[in-house]
Amino acid sequence: MGIYDDIQAEVAEALNSDLSDCSVPLTLVQVYSDDYDPSTGTSRKINIETETRGVAQPVDASKIDGEHLTIGDVYFFIIDSELAEIPELGEIIQHKSEDYVIPNIERDPADATWLILGRVA
């Protein structure tokens, strides 16, 4: 097994056992345009929702600078194998009936985990 597989297995096991009380359901919402109508100059928006799970952690108040990190920001930690789609900047993560726009995405060097910053939409 490589480092990617090791991290996937270890974190998934932790989310199923020791960290199960921290694991929360999340929904990644990706918005696509479809069916461009040239007569109106608009296109229909299609939302594709992907259910996943992860750990949600509010940003530490001492780190808030008002520009890069703001009040209400939340970090979402998700293992790669839990995502069916690759998240992109500007998409939405839904958590506890709240929509969070994604202004920043980071991956670890093994590409095994995602640290996604969510900002209240």
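The protein contains one helix and six strands, where helices (H or I, at least four residues) and strands (E, at least two) are DSSP runs numbered from the N terminus. Along the sequence these elements follow the pattern α-β-β-β-β-β-β. The model is predicted, so that local features need pLDDT of at least 70 and side-chain atom pairs count only at pLDDT 80 or more, whereas totals for chains, interfaces and linings use all residues. Residues are numbered from 1 along each chain as its sequence is written, and side-chain values use heavy atoms, with hydrogens and water left out.

The C-alpha atoms fill a box of roughly 55 × 35 × 25 Å along the principal axes. Of the 121 residues, 34% count as buried (under 20% relative accessible area; exposed is over 50% and partly exposed in between, with a 1.4 Å probe and protein chains only). Among contacts (heavy atoms within 4.5 Å) with a separation of 6 or more, 53% are between residues 24 or more positions apart.

The largest nonpolar core has 12 residues: Val24, Leu26, Leu28, Val74, Phe76, Ile78, Leu83, Ile93, Tyr100, Ile102, Trp114 and Ile116. Such a core is a set of buried Ala, Val, Leu, Ile, Met, Phe, Trp, Tyr and Cys residues joined through side-chain atoms within 4.5 Å. Two or more of its residues come from each of strand 1 (23-37), strand 3 (74-79), strand 5 (98-107) and strand 6 (113-120). Another core, of five residues, lies apart from the largest one and includes Val11, Ala12, Leu15 and Val55. Leaving aside neighbours within four places in sequence, Val24 is in contact with Thr52, Arg53, Gly54, Ala56 and His95.

Strand pairing was assigned where DSSP finds at least two bridges between two strands. Strand 4 (residues 92-95) runs antiparallel to strand 5 and is joined to it by four bridges; Ile92 stands opposite Val101 in strand 5. These two strands form a hairpin with two residues between them, and Lys96 in the turn has a positive phi of about 50°. Strand 5 also pairs with strand 6 in the antiparallel sense, over six bridges, with Asn104 opposite Leu117 in strand 6. The hairpin of strand 5 and strand 6 has five residues between the strands, and Asp111 there takes a positive phi near 55°.

Asn16 lies in helix 1 (residues 3-16). Asn16 counts as exposed because its relative accessibility is 54%. Asn16 and Pro38 are 22 residues apart in sequence, and their C-alpha atoms are 50 Å apart in space.
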